[in-house]
Structure formats: C-alpha cells, structure tokens
Amino acid sequence: MTAPRIDTETIRRLPKAVLHDHLDGALRPATVVELAREAGHTLPTTDPDELAAWYYDAANSGDLVRYIATFEHTLAVLQTREGLLRAAEEYVLDLAADGVVYAEVRYAPELMVRGGLTLDEVVETVQEGLAAGMAKAAAAGTPVRVGTLLCGMRMFDRTRETAGLAVAHRDAGVVGFDIAGAEDGFPPADHLAAFEYLRHENVPFTIHAGEAHGLPSIHQAVQVCGAQRIGHGVRIVDDIVDGKLGRLAGWIRDRRIALEMCPTSNLQTGAAASIAEHPVTLLKDLGFRVTVNTDNRLVSGTTMTREMALLVQEAGWTAEDLRTVTVNAVKSAFLPFDERTALLREVVLPGYDAVL
Ligand SMILES: [Zn+2]
C-alpha cells in the first residue's frame, strides 16, 4: 500500500527551511505598488493582481536574462529606509504564514544605494526590518529565524567590497555571501579575490552556478572558489550517466555540498523542463544533499508550501522526502553547528512528528 498523498494545508503546517530566497524577488505586489507611488516610479500596472501576473509572465520567458530584468521594478522601491524596512518586515511575516522556521535571505546592497543610503546603512536597515518582523512573528506564536546573505553582482566589480561588508556585519545577522546576476559570461573565478578574502576570514559562501551555464561553472564555484553550497546546481546532472556519477558529481554528493534547488524558478529560466522531470528528484534519490527553495516568491508566484506541493503532486514526493530536504537545509545552513543541531532537535523534527 502506498502512503496517502500529503495535502497542501498539511505541508503548510510543516516546519520548513529555505536557504535560497531573494529579498528583492519576494515583495508583496501591493507593497510594490504603494512604494512605487511614493517614489514616483512608473510600474507596468498599478493593480496588485495584474502586477503579480506581469511579473510571473515576464519571468516565464525561459530566459535568465529577461527573468533578471523584472527586478528593475522591485529594486526601484528598495532605495529608501522606509522601503527597505517595510520589505524586510513583510518578508519575515510572509515566511511565518508559510510555515517557515528558518530562512536565509539574500540581497545585493550595491543595488540599493541609488537613494543615497550607504552600503552599511542598507545592511543595518534590512537587519532592523527583519528584526521587527521576527519580533512580530514570535509574538504571534510563529517564530522564524532569519539570517542574511549579502550578494555581490557578478557583472559588476564590487564583489570584494561586498565581501568586506559581510565580514563587517557577521555578528549582526549576516551569515554568509553569494554572487548573483547573469551567469553566462561572468564565471565565478572572476571574483576570486572576494572568495579568497572570505575564506581567509572564515565566512561561508554559496555561489549561483549551474543554472544558465553548465558543469564548468559548478566546478569553478566549488574547486576554484571554494563554495560550501551551490545556488541551483541543476546542471550537475550532466555529470551523471545512467545513475553513475562522474568525478565532479561524486565530489558534490560525497562532500555533502548542498544544492539549493528552486523548481519553479528553474522552469521559468529554462533550466528544467517540468516539475516531474526536474533533476531535484533524481538527485534526491541518488543521495545528494538536495534542498528545495523559492528563489523569488513574487516573481515566481510561489511559496515554500507551493514548491513542496508541486513536488508531491507532480513528482511523487512523500512526506518523508519533504522531511529529508528540510533536514538537509538545516544541516547546510550557515549557522554554527550547535545552533543547527538545536533547530533540528527542538523545532524541525518535533514539528514533523506533531503534524504527520
Ligand atoms: Zn537565486
């Protein structure tokens, strides 16, 4: 007898962890509309529902470059203290409503200084907004812990500076670093100075790799730059033939390097053909440290609950699979080991036991 399929409301109540989620891709449509009006920024539409649909359609083009272009309209409202505070607070409240108990939110401070804030002020303001959201979520009985990853943009030359920002704010909520932006033509090793500096300072980092570009990008991210996790990493399947792992795929699995997979986002950028055929299922079955993530909740019209429900409905995932990827995410969080263990033992595992 097969186990009954787990329903969406049950998934929502499960404790979830997300490692790959962009602040500027997660705004509420109504908030974008209000903040844009205050900032004098012209949007494609001022109706929140139509705006949500516009984002989704633009992102559905199957092209990573066009997908990234949608961020013009979210970044436009993240240039002021008010915008950042509101976005960060609502970000946490939306996670709480989704049943998320641990999140790492990432954003690029260098893209948020057009209104005159300094890089340090951007980071401090986001932390303030996140703290306000965490306090409200805890008071409502749905505590969420949120760490931040600072992103350097791979097509610009401020990654070393942003790495310095991550080191400076490491004891005030920043847990790691990433590089984001168009992958093709901008290989990770272009930013080696940032990664060498972070390694010297013992700050962990992940790298977007293997989404638009293939195995060489993943190899560079892990073996040249020293990434502890890979953002997406979908193309690692190119190194697996008939279930047999090549050297790089073997390294990723055996060294327990987490893959931050984002099923809906990967469909939208053309990195995967369908949820049913998404490599996340094969990689999970082969024992990779697979995690499931949202990437950009507004742009992809998604939540952690929705991503997991899609995998259950279209790829045959079970409650046990959902527990596995959640445990994987907590194990690979950029938190100290004792805090990860406590999160697992005190929150995630009892939460699963209580719901299932
Ligand atoms: Zn991403």
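Colleague: How are the donor residues of the zinc ion spaced in sequence?

Modeller: In this predicted model, the spacing of the donor residues is H-x1-H-x185-H-x86-D.

Colleague: Which atoms coordinate the zinc ion?

Modeller: The NE2 atoms of His20, His22 and His208 and an OD atom of Asp295 do, at 2.1 to 2.4 Å. The cut-off for a donor to zinc is 2.8 Å, so these atoms count as donors.

Colleague: What makes the arrangement around the zinc ion irregular?

Modeller: The angles subtended by the four donor atoms run from 85 to 169 degrees. Four donors count as tetrahedral if all angles lie between 85 and 135 degrees.

Colleague: Why is His20 called buried?

Modeller: Buried means under 20% relative accessible area. His20 has 0%, so His20 counts as buried.

Colleague: And what makes His22 count as buried?

Modeller: The relative accessibility of His22 is 9%, which is under the 20% limit, so His22 is buried too.

Colleague: Which residues touch the most other members of the largest nonpolar core?

Modeller: Ile207, Ile252, Leu283, Phe288 and Leu322 do, in a core of 115 residues. Helix α6 (residues 81-97) gives the most to this core, namely seven residues. Among the contacts of Ile207 are Asp178, Phe195 and Cys225.

Colleague: Which residues lie nearest the centre of the largest pocket?

Modeller: Asp24, Ile68, Phe71, Met153 and Gly181, out of 26 lining residues. Helix α4 supplies the largest share of the lining, four residues. The space in this pocket is about 380 Å³.

Methods: Residues numbered from 1 in each chain as written. Predicted model: local features only at pLDDT ≥ 70, side-chain atom pairs only at ≥ 80, totals over all residues. Heavy atoms only, no water. Core = buried A, V, L, I, M, F, W, Y, C linked by side-chain atoms within 4.5 Å. Buried < 20%, exposed > 50% of the residue type's maximum accessible area, 1.4 Å probe, protein only. Helix = DSSP H or I, 4+ residues; strand = E, 2+ residues; numbered from the N terminus. Contact = heavy atoms within 4.5 Å. Donors = N, O, S within 2.8 Å, 3.2 Å for Na, K, Ca; no water. Tetrahedral: all angles 85-135°; square planar, octahedral: opposite > 155°, others 65-115°. 1 Å grid on protein atoms, 1.4 Å probe; cavity = no way out; pocket = protein on both sides within 12 Å on 5 of 7 lines; lining within 4 Å. Points joined across faces, edges and corners; volume = space filled by probe spheres on them. Lists of a residue's contacts leave out its neighbours within four places in sequence.
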